[in-house]
Amino acid sequence: MVQALAWIDGLGAIAPLAFILLYIVITVAFVPASIVTLGAGVVFGVLKGSALVFVGAMLGATAAFLVGRYVARGWVASKIANNPRFRAVDNAIARDGRKIILLLRLSPVFPFNLLNYSLGLSQISLKDYVVGTVGILPGTIMYVYLGSLVGNLATLGADSSQPPEAATVQWILRIIGLVATVAVTLYITRIARRALTEAIPEDSPSPENP
């Protein structure tokens, strides 16, 4: 993945499109996306990187949802067969689908990639699924921001013309921003977990990764 990101970084104007396509592919292919998400912060910066990851993840999640619903129903069903927790989620979705999807994205009790496919078998509409998936945004921003710090660490001191005082101020601001981003994300996650606990029984077992 690091090599792919380095290749994308050298593509110039089409780099954003290539990154989005890569993100869609890894999401549909069950490949963990954490490295690519962090890499977006290094290659594109926080704002642009967050936007590209968000678009790629939304498109990839939607593609996986459609595959689970129309193409690979049997395979997905075998992954979640006899899973009482998924049945509880499906029942909750029947009552308030958009809200439950949003909470699941804010506080994922299912692995992200498996959830994309599994929800294709649920009662949720495509529209509500897409709207609820917006809940990935806080976590996306946090991971991309962390990646931007890694990029800065790699190049720290490369500009010898920068006074040490300026570098110190920059790192103070980065640390404050990181703490604030993590705090907000954890706060949102805590609220989401509490809401999910009320909607979905806690005594049902969690699913295993595929």
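The structure is a predicted model, in which local features need pLDDT of at least 70, side-chain atom pairs count only at pLDDT 80 or more, and totals for chains, interfaces and linings use all residues. Residues are numbered from 1 along each chain as its sequence is written, and side-chain values use heavy atoms, with hydrogens and water left out.

The chain contains ten helices and zero strands (DSSP runs of H or I, at least four residues, and of E, at least two, numbered from the N terminus). Of its 210 residues, 41% are buried, that is, under 20% relative accessible area with a 1.4 Å probe, protein chains only. Among contacts (heavy atoms within 4.5 Å) between residues at least 6 apart in sequence, 83% join residues at least 24 apart.

An unreviewed UniProt entry places the feature "transmembrane region" at residues 20-44, 51-72, 129-151 and 171-189; such annotations may be inferred rather than shown by experiment. Residues 20-44 are 80% helix, with end C-alpha atoms 12 Å apart. Residues 51-72 are 95% helix, and their end C-alpha atoms are 29 Å apart.

Helix 1 (2-9), helix 3 (34-44) and helix 9 (137-155) each supply at least two lining residues, and the largest share, five residues, comes from helix 3. The lining includes Val 2, Asp 9, Ile 35, Gly 39 and Val 150.

Terms used: 1 Å grid on protein atoms, 1.4 Å probe; cavity = no way out; pocket = protein on both sides within 12 Å on 5 of 7 lines; lining within 4 Å. Buried < 20%, exposed > 50% of the residue type's maximum accessible area, 1.4 Å probe, protein only.
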